[in-house]
Amino acid sequence: MGDYYVGRRYYTEKTRFWGYVRRPRQPWEKSQLVIMNERVSRVPDRLPEESPDGGREFGYDHNREYRIRGRFSGEPAYDPNSNLVLPEFVPSSFDLIKESGGWLFHPEESYSPFRLPPRP
């Protein structure tokens, strides 16, 4: 199996962060919101932001859970659309674990494509 992380895609419109990444067996409360650096491997939803034919587009994989091989670069990354400075993660591969991962931080969560879920 080797060394890996667990990642949950969290799509929020007009932002460039990818979602949450944690170590296996850690709770999501310990996860970090990250920006992916795609110099080694592209993220699974690397598609146009709008699909001309109504097919898949950027963010289609919201809430999917992945086994991600890669590493934190140790560098901060800035997302100008959310005005957040976040850890940069450099993935080398993605393997789908779950199509729908459920709630991240608490069962009362509801998804909004315009904001992040509140953390406990």
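The model is predicted, so local features require a pLDDT of at least 70 and side-chain atom pairs count only at pLDDT 80 or more, whereas totals for chains, interfaces and linings use all residues. Residues are numbered from 1 along each chain as its sequence is written, and side-chain values use heavy atoms, with hydrogens and water left out.

The chain has zero helices and five strands. In these terms, helices (H or I, at least four residues) and strands (E, at least two) are DSSP runs, numbered from the N terminus. Read from the N terminus on, the elements run β-β-β-β-β. The five strands close into a barrel in the order 1-2-3-5-4, with mixed pairing. From one strand to the next, the twist averages 50 degrees; axes are lines fitted to C-alpha atoms, for helices over the stretch in contact, and angles run from 0 to 180 degrees between N-to-C directions.

Two strands pair if DSSP finds at least two bridges between them. Strand 2 (residues 19-22) and strand 3 run antiparallel and are joined by three bridges. Within this pairing, Gly19 stands opposite Val34, and Tyr20 stands opposite Leu33. Strand 3 also pairs with strand 5 (residues 84-98), here in the parallel sense over two bridges. Glu88 in strand 5 is the bridge partner of Ile35.

A residue is buried under 20% relative accessible area, exposed over 50%, and partly exposed in between (1.4 Å probe, protein chains only). Strand 3 (residues 32-36) is largely enclosed by the rest of the structure, because four of its five residues are buried. In the chain of 120 residues, buried residues make up 42%.

Some of the buried side chains gather into nonpolar cores. Such a core is a set of buried Ala, Val, Leu, Ile, Met, Phe, Trp, Tyr and Cys residues joined through side-chain atoms within 4.5 Å. The largest nonpolar core has 12 residues, including Phe17, Tyr20, Trp28, Leu33, Ile35 and Leu86. Apart from it lies another core, of 10 residues, among them Trp18, Met36, Ile68 and Phe89.

Contacts, defined as heavy atoms within 4.5 Å, show how the chain is brought together. Phe17, not counting residues up to four places away in sequence, touches residues including Tyr10, Leu33, Ile35, Leu84 and Leu116. For the chain, among contacts between residues at least 6 apart in sequence, 59% join residues at least 24 apart.

Aromatic rings form a further set of links. Rings of Phe, Tyr and Trp (its six-membered ring) pair if their centres lie within 6.5 Å; planes under 30 degrees apart count as stacked, over 60 as edge-to-face and the rest as tilted. The structure holds nine aromatic pairs. In one of them, the rings of Trp18 and Phe94 have centres 5.9 Å apart and planes at 50 degrees, so this pair is tilted. Because Trp18 lies in the loop between strand 1 (5-9) and strand 2 and Phe94 lies in strand 5, the pair ties together parts that are 76 residues apart in sequence. Trp18 counts as buried at 3% relative accessibility, and Phe94 counts as buried at 15%. Phe72 and Phe89 form an edge-to-face pair, at 5.0 Å centre to centre and 85 degrees between the planes. This pair links Phe72 in strand 4 (residues 65-79) to Phe89 in strand 5, 17 residues apart. Phe72 is partly exposed at 25% relative accessible area, while Phe89 is buried at 0%. Elsewhere, ring pairs link Tyr10, Tyr20, Phe105 and Tyr111 into a cluster.

Charged residues complete the account. A charge sits over a ring if NZ of Lys or CZ of Arg is within 6 Å of the ring centre and within 35 degrees of the ring normal. Arg23 lies over the face of Tyr5, at 4.1 Å from the ring centre, and Arg67 over the face of Tyr4, at 5.1 Å. Glu65, in strand 4, is buried with a relative accessible area of 5%. Leaving aside neighbours within four places in sequence, the contacts of Glu65 include Arg8, Arg22, Trp28 and Lys98. Arg115 lies in the segment after strand 5 and counts as partly exposed at 42% relative accessibility. The C-alpha atoms of Arg115 and Tyr10 are separated by 9.9 Å, although these residues are 105 residues apart along the chain.
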